[in-house]
Amino acid sequence: MSISFSLEQLCNVIDTVKIEGSTTDMLSGIASLDTAKPGDLAFLDNPKYHAQVADCKASAILVPADYKGAGPAENQAHIFVEKPSYTLAHICKQIEATLWQKPPAGTHPSAAIDPSAQVDAGAHIGAFCSIGARAKIAKGAVIASGATIGIAATIGEDSFIESGVRIGAYTQVGARVHVLPNAVIGADGFGFVPVNGVIEKIPQIGNVIIEDDVEIGACTCVDRARFSSTKIGKGTKIDNLVQIGHNCVIGKYCMICGLVGMAGSTTIGDYVTLAGQVGLSGHIKVGNGATIGAQAGVIENVPEGVTLLDAPAIPVNLAKRLVILKLRLPEMWSKIKSIEKQLAEHAK
């Protein structure tokens, strides 16, 4: 990976409050305050790292608009911005567009496209892709090498389906959706029923609907519905290795972290955060704005706006109290044994 841009070029793509100092160095890397060297861009976002600015060797440092501390060193610029972390994200987006340029429109000769499929001339179909019957690929969409688009599936404008992704039949993918490598969208839901000592499969005849601006991580699986649709709401971001069961409905702008497991027919409201390894049993509802902490197990409905921890999930304040009590158990047990010994001696 190779990048190179001047201080002036950097400031042309971000909103600055002011700049103190200057540098003639070309910026060729991004690093933390404590590891940065000349030629790097660093940033101060968390106040606990405030003291590191004075010793930072970076050629340029993004600092908050209200920063008051050590001034820039020789050949160093302090760039004052409203939100350093957000500004850095914007800079990285510019770099990403340079390093991983969008492939040109067109179809690789090795791609297999059913004659009934509709592929816009402005879409890119990579090597060894398979586009099923009656599928529709919109303008600006990128279907990377080895991806499979199933029967009658639709891919919206400017969506990016990365290598190895499997989009199942009848799946509807909105605009500007990003699906990372080897995710599987629209495979059979896990539906079975015991009949006379035999486990019979329940046909899964629904589909998956993914609204605009969703991101789905690598190796994540979103099962198609038993009937109707499994739905992912606008702007929701899903990490790697997440399992979303059949008929789940996820609201807008949710954050779903790695290794979350969601059983069938779970309903998630808008702006919900599910931290890593959260497990949710089926047929429950999580209210808008709720936050579920890492490794929590949710077995009942969750009200709006609450924060839960532990398994089974309980309110965060109660969970913290229980952790404190748990840490005191050895001491308490020792006291109990001492009391038992004293009572036994007294009884003699």
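Q: What stands opposite glutamine 172 in strand 22?
A: Isoleucine 209 does. Strands here are DSSP runs of E with at least two residues, and helices are runs of H or I with at least four, both numbered from the N terminus. The model is predicted, so local features need pLDDT of at least 70 and side-chain atom pairs pLDDT 80 or more, while totals for chains, interfaces and linings use all residues. Residues are numbered from 1 along each chain as its sequence is written, and side-chain values use heavy atoms, with hydrogens and water left out.

Q: How many bridges pair strand 17 with strand 22?
A: There are 2, in the parallel sense, between residues 172-173 and 207-210. Pairing requires that DSSP finds at least two bridges between the strands.

Q: In what order do the strands of the open sheet run?
A: The order is 8-11-14-17-22-25-28-31-34, which makes 9 strands with parallel pairing. Strand 8 (118-119) and strand 34 (285-286) are at the edges with a single partner strand each, so one side of each has no neighbour in the sheet.

Q: And strand 4, buried or exposed?
A: Mostly covered: 5 of its 5 residues, 60-64, are buried, meaning under 20% relative accessible area with a 1.4 Å probe, protein chains only (exposed is over 50%, partly exposed in between). Ala60, Leu62 and Pro64 point one way, Ile61 and Val63 the other.

Q: Which strand do 5 bridges join to strand 4?
A: Strand 5 (residues 77-81), running parallel; there, leucine 62 has isoleucine 79 as its bridge partner. Strand 3 (residues 40-43) also pairs with strand 4 in the parallel sense, over 3 bridges.

Q: Changing topic, where is the kink in helix 3?
A: At leucine 329, about 45°, shortly before proline 330. That bend is the angle between axes fitted to the seven residues ending there and the seven starting there.

Q: Where does threonine 220 sit?
A: Threonine 220 is in the loop between strand 23 (215-216) and strand 24 (221-223), and is buried at 0% relative accessible area. Its contacts (heavy atoms within 4.5 Å), not counting residues up to four places away in sequence, include Ala183, Ile238 and Val242.

Q: Which residues touch the most other members of the largest nonpolar core?
A: Ile143, Ile149, Met262, Leu274 and Leu280, out of 51 residues. Another core lies apart from it, with 16 residues, among them Ile14 and Val81. A core is a set of buried Ala, Val, Leu, Ile, Met, Phe, Trp, Tyr and Cys residues joined through side-chain atoms within 4.5 Å.
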